[in-house]
There are 2 protein chains.
Amino acid sequence: MTPFFQTFQDEKLAPQLSGSRSRVTYLVTADSPDEIRRKAEDICAEQTVEFPVDLLPPGVVREQILGRVENISPCENLFSPPGMVSAHVEVSFADEVMTDELPQVLNVIFGNISIKPGIRVLSAAFSEPLLRKFPGPQFGVPGLRNLLKIPQRPILFTALKPQGLAADDLAALAYEFACGGVDVIKDDHGIANPVYAPFYDRVLACTAAVRRANAETGENAIYVPNIMGPHTEIIRRAKFAKDAGAGGYLVCPGLIGFDVIREIAQNPELSLPIFMHPAFLGSFAINPDGISHACVFGQLARLAGADATIFPNFGGRFSFSRAECLQIAEACREPMGDFPSIFPCPAGGMKVDRVEDVLGAFGKDVMLLIGGGLFSHSPNLRENCRLLRSRLV
Amino acid sequence: MTPFFQTFQDEKLAPQLSGSRSRVTYLVTADSPDEIRRKAEDICAEQTVEFPVDLLPPGVVREQILGRVENISPCENLFSPPGMVSAHVEVSFADEVMTDELPQVLNVIFGNISIKPGIRVLSAAFSEPLLRKFPGPQFGVPGLRNLLKIPQRPILFTALKPQGLAADDLAALAYEFACGGVDVIKDDHGIANPVYAPFYDRVLACTAAVRRANAETGENAIYVPNIMGPHTEIIRRAKFAKDAGAGGYLVCPGLIGFDVIREIAQNPELSLPIFMHPAFLGSFAINPDGISHACVFGQLARLAGADATIFPNFGGRFSFSRAECLQIAEACREPMGDFPSIFPCPAGGMKVDRVEDVLGAFGKDVMLLIGGGLFSHSPNLRENCRLLRSRLV
């Protein structure tokens with residue numbers, strides 16, 4: 001038999017590596033600085049060779065394919081148990097290990113180590129060559145403002161619900177919202193293709209309703225359907241929605257994969273803004289072991305190509321802190337290759353009387369997603385929308 | 001305008017509901033029994049209508065579309081902070097809210113509430129009508145045993161690595177493994193489509209290598225490629241692998257969506273066993289707020305249609321406890337409609353000398369996934385495989 005070590009052929013591998021590396025910063029918690037170092041080295045192996053490092057021969061695999069600890073900086077960690085220490089651990093990975101396929105990029109960042117305790121992804125800094133392999137957000141803040149013809153003011157965003165309404169009843173609601181001055185009207189993330197409001201019927205009814213309202217108001221509201229569905233049906237639904245006159249797509253990457261966003265962003269036939277929804281992604285952010293709010297809802301959304309990212313706002317019915325929400329917003333606009341800024345869409349239990357507070361926190365480049373709050377302010381839905389819209393200046 | 005409440009039309013909705021409901025049990029933690037009750041009711045609303053319940057008119061939406069608290073049983077919870085109380089909260093959801101599409105089933109179980117603290121999915125009990133909407137595992141334990149022609153003994157499973165080897169070098173390894181008596185040889189989950197071992201080249205090389213070994217040994221080893229890739233490429237890769245003579249598919253649903261498994265299981269052109277890998281799913285299981293090991297790696301794997309589920313074994317380099325691993329194994333074989341049992345595949349830092357312990361825990365219907373351990377036992381890889389295989393009786 002061929003001894004195992006002879007199978008490594010540096011002369012074949014080396015020419016295929018560019019030397020370009022992307023960096024991921026982890027918050028690592030352990031019971032001693034030595035253990036932090038051991039965990040950092042474990043991340044390097046687990047996320048790349050997944051092999052006992054002492055069995056690797058010297059050479060290119062060890063030097064370049066294996067992750068590399070770039071920096072370890074001890075830090076405070078309010079959430080770590082007593083007696084434990086924490087550090088920011090920066091690890092670099094060869095772009096060729098990340099490849100030009102998004103699922104593998106996510107896999108290198110956090111695939112197997114999602115199963116190991118004491119590790120949280122804080123942020124990812126992708127190399128310029130790696131970013132150029134991905135389409136990025138096709139609209140972003142400037143493109144969405146252009147499409148909506150809203151040069152400056154904050155954007156009013158709502159959702160069609162509750163679950164149980166028929167397609168034409170949801171369309172009637174969409175019409176009311178659009179007449180009331182709501183700019184972006186999306187499907188609820190829980191309404192995908194139920195028998196009582198099937199996708200194709202709903203998209204036809206809601207696009208028609210918003211078109212009719214726009215003709216009456218002279219505004220440019222858009223309807224954003226939830227295109228979640230069976231694996232091979234998603235792109236078909238997106239195409240149907242685009243042809244019917246929808247103004248964007250709602251995508252839940254936690255349920256159907258981040259690469260759906262990349263696929264849509266890259267496909268010229270589907271060219272419409274993408275709104276990312278956080279369903280099924282909460283466990284990454286709200287637990288200590290996971291991925292930071294800013295990374296999962298900001299950096300990864302943008303890398304995938306989302307133009308707007310929905311997340312539960314502070315002070316609503318969810319638990320994100322003000323700081324965590326502002327970190328997401330910061331990740332939406334921080335420099336990232338040639339990618340445009342994208343819209344943060346704070347949501348979840350928003351009330352009309354909180355508008356000024358929220359705008360004060362996020363600034364004008366924001367989409368305020370208000371659902372139930374539009375109904376509860378007064379019995380007149382259209383007037384509630386108008387009131388809210390009047391405050392967005 | 002149409003007042004909002006008039007849009008509810010029970011006579012339209014009621015005939016579309018079967019009355020069949022599926023149940024999910026959550027571990028809910030809060031600071032008082034009253035707060036547990038409030039959280040239980042919040043789950044009911046958040047996962048269905050996502051709307052202020054006091055604004056819902058009496059009728060079908062409130063009675064059937066809204067989730068329903070079926071039971072609350074106070075319980076111990078070793079992981080809850082001091083002063084908090086916990087309970088098992090059973091909630092039922094109409095099958096029509098879950099629909100016949102897998103992403104929406106997952107969405108109803110844990111979509112938005114993944115973002116709320118103090119909630120862990122313990123188990124899901126799907127109604128028989130709901131289970132009949134899904135193909136389920138097409139092979140399971142009996143089908144895989146039949147394919148491998150191994151009626152009774154535990155199955156030996158390994159992975160091709162490390163990352164950095166070329167396609168033909170990985171194929172040479174596959175040949176060694178197969179000659180050494182390994183039954184199932186999968187790609188490493190981190191090797192999807194790197195420049196140094198591209199998917200199509202690798203699949204051709206590895207299928208040929210395993211075929212050659214089988215011709216020599218008279219055994220029936222299979223090669224299981226990692227079909228992860230861009231959204232619209234995954235099914236194409238599966239088809240290519242099947243045509244090339246692969247023996248199964250490795251799928252990471254955390255990275256590309258659980259519905260990829262369902263799609264493959266339902267597509268007769270792709271008929272081969274599916275091996276589910278836990279990459280990127282760890283945060284659900286290892287944190288308090290998430291989804292139990294048994295549910296995410298057992299019940300959801302089986303619902304999707306996986307035939308074998310890989311998870312990090314106790315005592316290896318990951319952190320799952322013996323109890324958690326055995327709960328996964330139990331979920332692989334507990335009654336679930338007409339679905340067959342599937343194989344638990346304990347993995348991760350397994351060593352040759354732990355075989356008896358592991359078999360004692362899991363019994364014979366198990367696939368032992370051993371990677372690095374096969375290399376480290378002695379320098380002779382083929383002999384290491386033979387030694388291990390000889391212990392699997």
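In the predicted model described here, Asn214(A) lies in helix α9 (residues 199-217) of chain A, where helices (H or I, at least four residues) and strands (E, at least two) are DSSP runs numbered from the N terminus. Apart from neighbours within four places in sequence, Asn214(A) is in contact with Glu219(A), Asn220(A) and Ala221(A), contact meaning heavy atoms within 4.5 Å. Residues are numbered from 1 along each chain as its sequence is written, and chains are lettered from A and ligands numbered from 1 in the order in which they are written. Because this is a predicted model, local features need pLDDT of at least 70 and side-chain atom pairs count only at pLDDT 80 or more, whereas totals for chains, interfaces and linings use all residues, and side-chain values use heavy atoms, with hydrogens and water left out.

Chain A also contains an open sheet of 4 strands with parallel pairing, in the order β8-β9-β11-β12; two strands are taken to pair if DSSP finds at least two bridges between them. The edge strands, each of which pairs on one side only, are β8 (249-251) and β12 (343-347) of chain A. Neighbouring strands of this sheet are turned against each other by 25° on average, direction ignored, where axes are lines fitted to C-alpha atoms, for helices over the stretch in contact, and angles run from 0 to 180 degrees between N-to-C directions. Within the sheet, strand β9 (residues 274-276) of chain A and strand β11 (residues 308-312) of chain A run parallel and are joined by 2 bridges, with Met276(A) standing opposite Thr309(A) in β11(A). Helix α7 (residues 140-148) of chain A packs on the sheet, where it touches β9, β11 and β12 of chain A, and its direction makes about 75° with that of β12(A).

Helix α12 (residues 259-266) of chain A is largely enclosed by the rest of the structure, since 7 of its 8 residues are buried. The buried residues of α12(A) are Asp259(A), Val260(A), Ile261(A), Arg262(A), Glu263(A), Ile264(A) and Ala265(A), and they pack against α5 (102-110), α10 (234-244), β8, α11 (253-256), β9 and α14 (293-304) of chain A.

In chain B, strand β3 (residues 85-94) is mostly covered, with 7 of its 10 residues buried. Strand β1 (residues 21-30) of chain B pairs with β3(B) in the antiparallel sense over 10 bridges, and Tyr26(B) stands opposite Val89(B) in β3(B). Strand β2 (residues 68-75) of chain B likewise pairs with β3(B) in the antiparallel sense, over 7 bridges, and Asn71(B) stands opposite Glu90(B) in β3(B). Val28(B), found in strand β1 of chain B, counts as buried at 0% relative accessibility. When residues up to four places away in sequence are not counted, Val28(B) touches Ile36(B), Lys39(B), Ile43(B), Val85(B), Ser86(B), Ala87(B), Val89(B) and Gly118(B). The C-alpha atoms of Val28(B) and Cys75(B) are 9.5 Å apart in space, although the two residues are 47 residues apart in sequence.

Leaving aside its neighbours within four places in sequence, Ser114(B) is in contact with Pro278(A), Ala279(A), Phe280(A), Leu281(A), Gly282(A), Ser283(A) and Ile286(A).

Helix packing in chain B was examined for α8. The axes of helix α8 (residues 167-179) of chain B and helix α9 (residues 199-217) of chain B come within 8 Å and cross at roughly 25°, so α8(B) and α9(B) are roughly parallel to each other; angles under 35 degrees count as roughly parallel, over 145 as roughly antiparallel, 65 to 115 as roughly perpendicular and the rest as oblique. The residues of the contact of α8(B) with α9(B) divide into 12 nonpolar, 1 polar and 4 charged, where Ala, Val, Leu, Ile, Met, Phe, Trp, Tyr, Cys and Pro count as nonpolar, Asp, Glu, Lys and Arg as charged, and the others, Gly among them, as polar. With helix α18 (residues 381-390) of chain B, α8(B) packs at an angle of about 40°, the axes being 8 Å apart, and α8(B) and α18(B) are therefore oblique to each other.

Conventions:
Buried means under 20% relative accessible area, exposed over 50%, partly exposed in between (1.4 Å probe, protein chains only).
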